[in-house]
Amino acid sequence: MSVLLSARGLRIAFGGLKAADGIDLDVMEGEFLAIIGPNGAGKTTFINMATGYLKPQAGQITYAGRNILGMTPRQIVRLGVARSFQLPQLFTEHTVLENTALAVAAREGVWSPFAPLLRPRFRREAEEVLDRFGLLPLAGQRADGLNEGARKLADIAMAVALRPRLLLMDEPTSGVASADKMGVVETLARVLRQSGVTAVFVEHDMDVVARFADRVAVWGQGRIMALGPPEQVLNDPDVRRDVIGIGPGEASHAAA
Amino acid sequence: MRRAGEVLLVLLAAALVLVVAWTVPWLRFVLTIALAKGLAVLGILLLLRAGQVSFGHALYLAFAAYAIAFGAARVPETLLLLPLAAIGAALLGLLVGLFVVRYREIFFGMLNLALSMVFYSLLEKFYSITHGTDGIRLPPTTFAGQVLDPETQGWAMLCLALLLSILFAVLVRIYLASPIGQALAGIKTREARLEFMGISGRRVLLSAYVLSTLMAGCGGAVLAMTTRHVTPALSYWTASGELVFIAILGGSGSVAGPFLGAVAYELTRVYAAALVADAWQMVLGAVLLLVILFAPGGLWGMGRALVGRRRQA
């Protein structure tokens with residue numbers, strides 16, 4: 001396996017808060033890497049830096065061997081790095097179908113003013129993506145009328161419609177009803193595995209992490225405290241005490 | 001079926017304009033002016049879709065009008081002057097647009113206003129070139145080399161305004177349905193997401209801005225050739241405010257809104273001025289207040305609601 005995304009010595013501070021204090025991380029092609037850690041540890045900041053939204057004060061980031069430091073979000077997404085958001089970022093006055101079709105159009109080139117957005121090819125592809133997420137019945141609904149779980153999925157569907165090579169997801173299951181959670185992640189994991197997408201996801205549900213992550217990175221105060229396969233990391237006594245917040249022997253799902 | 005209905009509606013509206021102009025001759029001038037302003041308002045509608053309001057679009061209208069005034073003194077040919085003036089306005093729009101599309105909302109609106117007032121001052125102060133507030137009188141323009149009598153000239157201008165209105169209304173509709181047009185509406189709700197999808201919000205807004213200035217240019221050209229007198233007042237901020245006023249009056253839900261609004265505005269103005277000479281602005285203000293309070297979709301939205309209710313009944 002080759003390294004797809006590589007971060008070296010990333011540092012950034014907001015006022016006195018060190019959100020990244022020397023982050024070194026390699027994301028391998030094809031893996032699912034979970035990022036866990038308490039609130040304020042810098043997990044989202046890492047995603048923001050990797051997608052060009054924030055510029056680290058020091059350090060290097062390369063993607064597929066290319067230096068992406070200083071690139072804009074637009075340039076980075078064009079290289080194949082898409083992201084989804086903790087708070088869904090949908091075009092609220094558009095339908096779910098239009099939202100997804102716009103992502104398809106964004107990939108295919110948006111500058112064709114003489115054919116409608118919902119031309120047959122874009123519509124078909126958008127419907128395909130929505131179908132894989134089980135959102136097809138909601139395709140005609142305006143995005144601001146959806147419930148939190150569906151908004152979350154639509155947000156991820158838009159990122160997937162960009163056909164990224166690397167997908168960064170910020171808490172994909174927050175807001176999804178706990179009864180649906182496993183189903184949602186199951187679907188998501190299948191879609192991503194099928195298309196060979198490498199995924200990095202910030203997650204608070206340890207059951208989801210244990211089941212779907214190939215590796216887990218534990219964030220704490222802007223540093224990576226532990227990194228490895230879930231069975232090893234999630235059973236590390238320090239991680240259990242400091243991050244998951246439970247003593248040895250207790251059930252891991254209590255941490256969510 | 002729906003498309004056929006729309007084509008029919010457009011033809012009916014065009015026929016109505018011609019019939020009114022024929023039965024009430026002095027309204028021909030009023031309708032031509034209304035359509036010319038409608039063209040500029042269509043540009044305002046485009047920017048409204050992105051959630052942006054320009055309080056300075058009269059700049060492009062005035063620019064094209066003065067371009068016609070200077071051009072007509074040399075080559076008084078309508079079919080040459082009009083495209084040149086419109087393209088000139090669009091080029092100016094591109095230049096200004098590159099700068100103003102970096103800003104949003106109040107900053108976007110005020111920058112446009114400031115630039116239009118700069119242009120106003122230039123027109124007013126350079127008396128030796130522009131004749132200041134006296135303005136410039138235009139000779140009658142020819143149509144494809146033909147010198148027309150005033151009556152025919154009036155009809156020619158109305159037909160030209162009508163054709164341009166239909167052409168640009170169709171064009172804007174196609175544009176709005178396209179990916180760029182939809183991305184334009186995305187600027188209003190979630191511009192940051194556009195960037196994370198690889199779409200430049202600024203470039204999308206710039207395309208709409210240039211198109212809007214092209215239309216304002218066409219409107220200004222028709223206006224100049226119809227009134228045959230241009231003054232700096234064309235670029236004054238109240239002229240820009242008038243365009244926004246008409247956009248809200250007509251409603252931004254359809255490309256028909258600007259023209260509906262412009263015709264209603266000009267007719268209200270003419271009749272209100274005749275009825276209550278000193279208080280016509282108050283009548284207009286009251287009309288706008290009523291529209292905002294009771295018909296936020298403008299005249300177009302009001303008409304649609306009425307048709308919808310009848311269909312249900």
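Begin by selecting B:Ala64 in this predicted model; leaving aside its neighbours within four places in sequence, B:Ala64 is in contact with B:Ala85, B:Ala86, B:Gly88, B:Ala89, B:Gly217, B:Gly220 and B:Ala221.

Next, colour the spans that the unreviewed UniProt entry annotates as "transmembrane region": in chain B the record lists residues 31–48, 55–73, 79–101, 106–123, 155–176, 204–224, 244–267 and 279–300. Two of these deserve a separate selection. Along residues 55–73 of chain B, the span is 79% helix and 0% strand, and its end C-alpha atoms lie 31 Å apart. Residues 204–224 of chain B, in turn, are 100% helix and 0% strand, with 30 Å between the end C-alpha atoms.

Now show chain B as a whole. Its secondary structure comes to 13 helices and two strands, and its C-alpha atoms fill a box of roughly 50 × 50 × 40 Å along the principal axes. Of the 313 residues in chain B, 49% are buried, and among the contacts in chain B with a separation of 6 or more, 79% are between residues 24 or more positions apart.

From there, bring chain A back into view and select the contact between the chains, to which chain B gives 20 residues and chain A gives 26 residues. On the side of chain B that touches chain A, the elements that give two or more residues are α7 (150–177) and α8 (179–196) of chain B, and the largest share, 12 residues, comes from α8(B). Sorted by class, that side of chain B has 11 nonpolar, six polar and three charged residues.

The last stop is A:Leu138, in the loop between α4 (120–132) and α5 (148–161) of chain A. Is A:Leu138 buried or exposed? A:Leu138 is buried, because 21 other C-beta atoms lie within 10 Å, where the cut-off for a buried residue is 20 or more. Not counting residues up to four places away in sequence, A:Leu138 touches A:Val96, A:Leu146 and A:Ala150; draw a distance from A:Leu138 to A:Val96, and the C-alpha atoms are 6.8 Å apart in space although the two residues are 42 residues apart in sequence.

Technical notes. Residues are numbered from 1 along each chain as its sequence is written. Chains are lettered from A and ligands numbered from 1 in the order in which they are written. This is a predicted model: local features need pLDDT of at least 70, side-chain atom pairs count only at pLDDT 80 or more; totals for chains, interfaces and linings use all residues. Two residues are in contact if their C-beta atoms, placed from the backbone, lie within 7 Å. Helices (H or I, at least four residues) and strands (E, at least two) are DSSP runs, numbered from the N terminus. Ala, Val, Leu, Ile, Met, Phe, Trp, Tyr, Cys and Pro count as nonpolar, Asp, Glu, Lys and Arg as charged, and the others, Gly among them, as polar. A residue is buried if 20 or more other C-beta atoms lie within 10 Å of its own, exposed if 12 or fewer, and partly exposed in between; C-beta atoms are placed from the backbone. UniProt positions are given in the numbering used here, feature names are shortened, and annotations may be inferred rather than shown by experiment.
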